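Biologist: I've got a model open and I'd like to learn how to read it feature by feature. Can we go through it together?

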Amino acid sequence: MSRPGIRFEVLKECPHTRARAGLLHTAHGVIETPVFMPVGTQGSVKGLTQRMLERELGVRILLANTYHLFVRPGHELIARMGGLHRFLGWPRAILTDSGGFQVFSLSALRSISDDGVVFRSHLDGAEHRFTPESALEVQQALGSDIRMVLDECTEYPASHEHARRSMERTVGWARRGLGRLREAVFPIVQGSMYRDLRRECAQRLVELDADGYAIGGLSVGEPRTVSLEMVEATEDLLPRERPRYCMGVGMLEELGEYVARGVDMMDCVLPTRNARNGYLFTTRGRVIIKHQRYREDPRPLDEQCACPTCAQYSRSYLRHLFLSGEILFSTLATCHNVWTYLDRMRRIRQAIMFGNLPNLLSSFSSQRVDEE
Ligand SMILES: [Zn+2]
């Protein structure tokens with residue numbers, strides 16, 4: 001198992017926005033930032049093979065969920081199988097989350113204290129405990145390249161008083177976690193939807209001098225403009241030379257908005273989950289493939305898309321696969337949606353490098369949500 005350790009280089013800063021283009025060096029390759037990371041919840045991006053992700057889509061970093069891998073098959077088994085990279089057959093970088101979000105959203109929570117959380121697995125009801133130290137030990141056993149400190153994901157809405165207590169706990173956990181393991185470990189900025197708490201949390205986490213910083217607790221039901229405001233509230237406090245990872249947010253049309261606010265890394269289940277449900281993102285808006293209008297449509301999903309699905313298959317065929325419940329539909333649709341997200345990020349990065357990000361962002365905002 002290789003040693004974690006990352007190095008981040010800012011190559012170019014946008015003169016008009018807070019966006020940056022950079023390189024994130026890991027033991028499993030170099031990642032161009034800003035980057036969108038496909039989500040491999042159970043150690044698999046549903047519908048795609050690792051070879052497709054690597055060779056056809058050019059993915060350099062995947063996200064895997066600590067909680068899911070912990071409850072099944074278990075981090076110890078994965079460590080015995082040579083670590084997550086070998087277990088998955090994935091040669092490139094992997095980021096693992098802290099487990100916090102799933103503990104709070106999926107499991108039956110037993111108790112939470114300053115020490116940690118006791119929860120019951122959503123699979124078999126078995127009782128487990130995560131502490132800031134143990135959540136990092138699990139990620140160490142998995143051997144991921146970038147790791148997150150256990151955080152308390154505050155429910156929304158929360159009172160200021162409750163959000164403060166929760167934020168204080170997250171800061172205390174970050175201090176303990178980083179005291180144990182430091183390399184490539186990101187603490188997570190919380191503070192619910194309160195600007196003052198977000199700023200205080202960021203300030204206190206920056207004192208810990210971590211290798212990178214995550215912004216969490218967003219996409220929990222708040223209006224989308226508020227999520228962006230919470231990123232804006234903290235960005236100027238985070239060190240310029242460290243990567244910032246905004247967790248679990250990102251409609252296609254929002255990627256540029258987050259990047260323009262100084263975010264370097266993002267992940268979201270939308271492109272993969274929506275693909276399986278027949279919702280496809282295109283440069284001309286969203287295609288809902290089950291609609292009758294695509295029944296005899298010989299065009300690819302997106303005439304401007306260079307993905308393997310669009311190179312070979314018509315909307316008519318994809319609609320047929322979807323309505324027939326064919327497994328191939330998930331593969332082809334996920335391939336297209338992930339490609340579309342990655343391609344959007346590549347174009348955003350290129351615009352930062354050329355200094356014309358605002359023009360690109362305004363061309364995105366004039367696009368329709370639904371295809372004509
Ligand atoms: Zn395509």
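Biologist: Let me start with one side chain: is R346 buried, partly exposed or exposed?

Modeller: First a caution: this is a predicted model. Now the general idea: under 20% relative accessible area is buried, over 50% is exposed, and anything in between is partly exposed. R346 has a relative accessible area of 38%, so R346 is partly exposed.

Biologist: And which residue does R346 form a salt bridge with?

Modeller: Side chains of opposite charge can pair when their charged atoms come close. Here the partner is D343, and the closest N and O atoms are 3.9 Å apart. That sits just inside the rule, which asks for a nitrogen within 4 Å of a carboxyl oxygen. D343 is partly exposed as well, at 26% relative accessibility. Both residues belong to helix α14, three residues apart, which is about one turn of the helix.

Biologist: How many salt bridges are there by this rule?

Modeller: The count is 28. R204 and E200 make one of them, with 2.9 Å between the closest N and O atoms.

Biologist: Why are R204 and E200 separated by about one helical turn?

Modeller: Because they are four residues apart in helix α8, residues 195-206.

Biologist: What about a salt bridge between parts that are apart in sequence: which parts do E254 and R224 tie together?

Modeller: The side chains of E254 and R224 meet at 3.2 Å, N to O. E254 is in the loop between β15 (244-246) and α10 (255-259), and R224 is in helix α9 (residues 224-235), so the bridge ties together parts 30 residues apart in sequence. E254 is buried, with a relative accessible area of 8%, whereas R224 is partly exposed at 42%.

Biologist: Which residues are linked in a network of salt bridges?

Modeller: D115, R129, E133 and R176 are linked that way.

Biologist: Let's turn to strands. Which residues of β7 lie on one side and which on the other?

Modeller: In a regular strand the side chains alternate between the two faces of the sheet. In strand β7 (residues 93-96), A93 and L95 are on one side, with I94 and T96 on the other. All four are buried, so both faces of the strand are covered. Strand β6 (residues 61-64) runs parallel to β7 and is joined to it by four bridges. Look for I61, which stands opposite A93.

Biologist: And which strands form a hairpin?

Modeller: β1 and β2 do, with six residues between them. Strand β1 (residues 7-13) pairs with strand β2 (residues 20-26) in the antiparallel sense over six bridges. You can check one yourself: E13 has R20 in β2 as its bridge partner.

Biologist: In what order do the strands of the open five-stranded sheet come?

Modeller: The order is β4-β16-β15-β14-β13, with parallel pairing. The edges are β4 (35-37) and β13 (188-189); each has a single partner strand, so one side of each lacks a neighbour in the sheet. Within the sheet, strand β14 (residues 213-215) pairs with β15 over three bridges, and one to look for is I215 with C246.

Conventions. Residues are numbered from 1 along each chain as its sequence is written. This is a predicted model: local features need pLDDT of at least 70, side-chain atom pairs count only at pLDDT 80 or more; totals for chains, interfaces and linings use all residues. Side-chain values use heavy atoms; hydrogens and water are left out. Helices (H or I, at least four residues) and strands (E, at least two) are DSSP runs, numbered from the N terminus. Buried means under 20% relative accessible area, exposed over 50%, partly exposed in between (1.4 Å probe, protein chains only). Two strands pair if DSSP finds at least two bridges between them.
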